[in-house]
Amino acid sequence: MDILAIDEAAANTDAVTGNRTGRRAAYSLGNPNGSRTDVAEACQRAEVHIPVTTTRWRLQIRNWRGGAGGGVSVAVPIAFTGVWVGKQAKGSTGVMTGNFTAAPAQALPAFTLPADGSRYTSPWVTDSANQFPAYDQWLISYGWVAPAGTAIQNSLATSQWMTTGAGKSAGAGDQTVAGISLSTLMNTSFFDAWIEYEFNGTQAVFFVAGDSRTAGYGGPTVPKANSKNWPNLFSLLTGCPVINAGISGVTSAALAAPASYGGLNKWGLGTDIFPDAAIIDYGTNDLGAGQQAASVEPYLVGIYDWCRSVGIKRVLGDTIPPWGGYTIYPKLLKVGTFTTAAAAGATSIVSDTAFAAGDSVVLDDLGSTREGITVAAGGSTGSGPYTIPLVSALVNAHPVGHELASAAESYRRGFNKWMRTVPAGLSGVVDIDKLLSNPATGQAHTLDPAIDSGDRLHYGSLGDVRIAAAMPTRFVTPIG
């Protein structure tokens with residue numbers, strides 16, 4: 001796996017020895033990007049699987065979601081039955097069940113989310129019997145009841161075990177709950193919630209921010225438990241706490257505005273929590289919406305600079321893997337080659353790939369005769385090779401074999417070309433494009449079928465494992 005231009009010397013000189021007490025990190029229980037009004041009561045359980053033993057922790061929770069303009073907060077009081085913790089039970093096949101192995105311990109009493117929509121911060125849980133042990137698969141459980149019709153903010157990525165409906169909140173403290181299952185409601189977890197915790201050790205703390213693939217969305221039919229997204233797998237593989245700030249559907253454009261940093265800095269970075277390194281995984285949704293790479297790059301630079309402003313010493317970026325055929329972005333993947341040479345001034349071209357009327361196409365993608373064209377009314381004719389009429393004549397000549405690609409795919413490649421220069425003072429770039437591309441088609445085309453969730457953009461659990469194993473271990477050296 002390529003880690004480009006890692007700041008190796010700096011990382012080595014930052015190594016420290018001995019134990020440090022009271023280091024702080026956070027474990028996300030969901031980063032909302034939408035809302036639902038059809039659920040008013042639930043028993044909700046999330047897996048807590050971290051590589052350190054907590055010395056104390058507290059719950060942060062609110063009915064809020066991030067995004068442009070500083071986010072959306074719902075000013076409605078919501079009653080919680082309390083918070084219980086304990087070891088999670090395995091089923092007969094070894095799969096986690098969402099139930100406890102024994103009666104769970106009540107770690108926090110009942111509480112109510114503030115009526116003004118602000119955050120509830122629990123007291124610190126200091127009882128050693130109620131701490132989360134390193135590498136053990138524990139659950140945190142709570143029940144809640146909201147007024148009917150309340151917009152409950154939810155994440156379309158992080159999955160939790162839950163059961164919903166009248167009376168279900170009463171089961172939060174039970175060892176087993178009828179109907180509890182890993183949510184398939186678009187992989188739903190409700191509320192903006194996280195566990196802020198302290199631990200003793202010298203491990204580096206990572207902050208990871210990105211979109212649906214970072215958050216753990218595996219397509220509408222492939223729910224993943226919270227510990228199965230790649231940032232949390234990376235945490236378990238390396239022993240380093242990771243704060244997963246992934247928000248499904250988010251754009252770098254939305255988060256780059258100063259008013260929107262609340263979507264990134266709700267954790268108190270630089271004041272309560274001091275990460276040693278950050279991995280920033282944005283750009284897919286910007287480019288997929290038709291923005292050119294050159295317009296997206298300044299947003300990323302702004303986010304890198306913001307990370308440094310809150311004291312994060314090492315900031316890494318990554319490339320964007322293929323997205324071919326994703327149903328929400330149907331024109332993203334069209335890549336072809338000229339089967340007949342085209343002279344400058346030509347008003348049609350011949351390609352082995354069809355393009356429809358109105359498609360924006362880039363010819364000789366990233367090459368010396370690169371130019372953009374628009375397909376004229378009527379679109380492609382023939383059954384392959386296809387004759388493609390153009391709205392305006394070609395500026396350059398293009399020989400047989402020159403490549404043409406839909407504009408959005410071209411923007412993705414242009415973005416990756418920029419990232420491979422290790423721009424904007426980054427300490428390194430992780431080349432996820434190379435890691436996840438289909439070996440049969442190369443980086444310009446589709447995801448490796450072995451990791452494709454089925455929608456050709458998001459990946460299943462094997463993809464998360466592959467990314468986690470490839471992330472930079474250089475920064476796993478204790479950092480001071």
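User: Which residues is Ile280 in contact with, leaving aside its neighbours within four places in sequence, and what makes these contacts?

Analyst: In this predicted model, Ile280 is in contact with Ala209, Leu300, Ile303, Tyr304, Cys307, Val315, Leu316, Gly317 and Asp318. They are called contacts because heavy atoms lie within 4.5 Å.

User: What makes the set that holds Ile280 a nonpolar core?

Analyst: The largest nonpolar core has 77 residues, and Ile280 is among those with the most contacts inside it, together with Trp57, Ile61, Trp144 and Phe207. The set is called a nonpolar core because its members are buried residues of the nonpolar kinds, joined through side-chain atoms within 4.5 Å. Helix H7, residues 293–309, gives the largest share of this core, seven residues. A second, separate core has 22 residues, including Leu233 and Ile467.

User: How do you know that the charged end of Arg56 sits over the ring of Trp124?

Analyst: The charged end of Arg56 is 3.8 Å from the centre of the Trp124 ring, and the cut-off is 6 Å, with a further limit of 35 degrees from the ring normal, so the pair is counted as a charge over a ring. Arg62 likewise lies over the face of Trp64, at 3.8 Å from the ring centre.

User: Why are E3 and E14 called paired strands?

Analyst: Three bridges join E3 to strand E14, residues 152–156, and because at least two bridges are needed, the two strands count as paired. They run antiparallel, with Arg36 opposite Ile152 in E14.

User: What makes E3 and E17 edge strands?

Analyst: In the open sheet with the order E3-E14-E17, strand E3 (34–36) and strand E17 (188–190) each pair on one side only.

Note on methods. Residues are numbered from 1 along each chain as its sequence is written. This is a predicted model: local features need pLDDT of at least 70, side-chain atom pairs count only at pLDDT 80 or more; totals for chains, interfaces and linings use all residues. Side-chain values use heavy atoms; hydrogens and water are left out. Buried means under 20% relative accessible area, exposed over 50%, partly exposed in between (1.4 Å probe, protein chains only). Helices (H or I, at least four residues) and strands (E, at least two) are DSSP runs, numbered from the N terminus.
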